[in-house]
Amino acid sequence: MIKVLFVCMGNICRSPTACAIFKELVHRAHLDREIEVDSAGTEAYHVGEPADARAIRFAAAHGYDLRAHRARQVRLEDFKNFDYIVVMDKNNLRRMQAMAPQGLAGKVKLLMHYVSEPDTTEVADPYYGGDEGFERVIIQIEEASKALLMRIKETYGLNSAEKH
């Protein structure tokens, strides 16, 4: 089982959105038995809380369901349990690399790292902004998630038949 963890600060906006989008892409590719997906936050501000209502609304408008999500904080064992640890921004990249057990910091990558020519290197936090930030997050994450799934499929030799 290939395990992917998406990480942002509070685990209520970007990382649960990325988790839902990536799970849907994995499902459409018929790779549910090969790839497991989760999300977490570097901070404990929102542990146990649902996703931000705006994130839920914008995800739903694009066909993704965040209603069952409950925030959790990153745990040290996540570094050993996950093959891919994918963060949304440079601040959380530094936090994750600093907290990584010896030899595992290299597992942590920015989500936009997987896009061949990204317009930006980060998925900006929409929490304090308006609706347009949540819409931009969906678009960025969809693009980068497709690239990440392609990388995983190539790396592990996974074939899939896309569902339409």
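## Starting point

Welcome to this structure. Please keep in mind that the model is predicted.

## Helices and strands

The chain is built from five helices and four strands. Reading from the N terminus, the order of these elements is β-α-β-α-α-β-α-β-α.

## Overall shape

How does the radius of gyration of the chain fit that of a compact globule? For 164 residues, such a globule would have a value near 15 Å, and the chain has 15 Å, so the two agree. Along the principal axes, the C-alpha atoms occupy a box of roughly 40 × 40 × 30 Å.

Taking contacts between residues at least 6 apart in sequence, 74% link residues that are at least 24 apart.

Of the 164 residues in the chain, 47% are buried. The chain exposes about 8400 Å², and 49% of that area comes from carbon and sulfur atoms.

Charged side chains can be counted too: 22 are positive and 24 are negative. The centres of these two sets lie 3 Å apart.

Which way do strands β1 and β2 run relative to each other, parallel or antiparallel? Strand β1, residues 2-8, runs parallel to β2, and seven bridges join the two. Within this pairing, Val4 stands opposite Val37 of β2.

Conventions. Residues are numbered from 1 along each chain as its sequence is written. This is a predicted model: local features need pLDDT of at least 70, side-chain atom pairs count only at pLDDT 80 or more; totals for chains, interfaces and linings use all residues. Side-chain values use heavy atoms; hydrogens and water are left out. The radius of gyration is taken over C-alpha atoms; the globule rule is 2.2 Å times the number of residues to the power 0.38. Buried means under 20% relative accessible area, exposed over 50%, partly exposed in between (1.4 Å probe, protein chains only). Contact means heavy atoms within 4.5 Å. Accessible areas come from the Shrake-Rupley method with a 1.4 Å probe; for residues, only the protein chains shown count as cover. Lys and Arg count as positive and Asp and Glu as negative; His and the chain ends are not counted. The place of a charge is taken as NZ of Lys, CZ of Arg, CG of Asp or CD of Glu. Two strands pair if DSSP finds at least two bridges between them.
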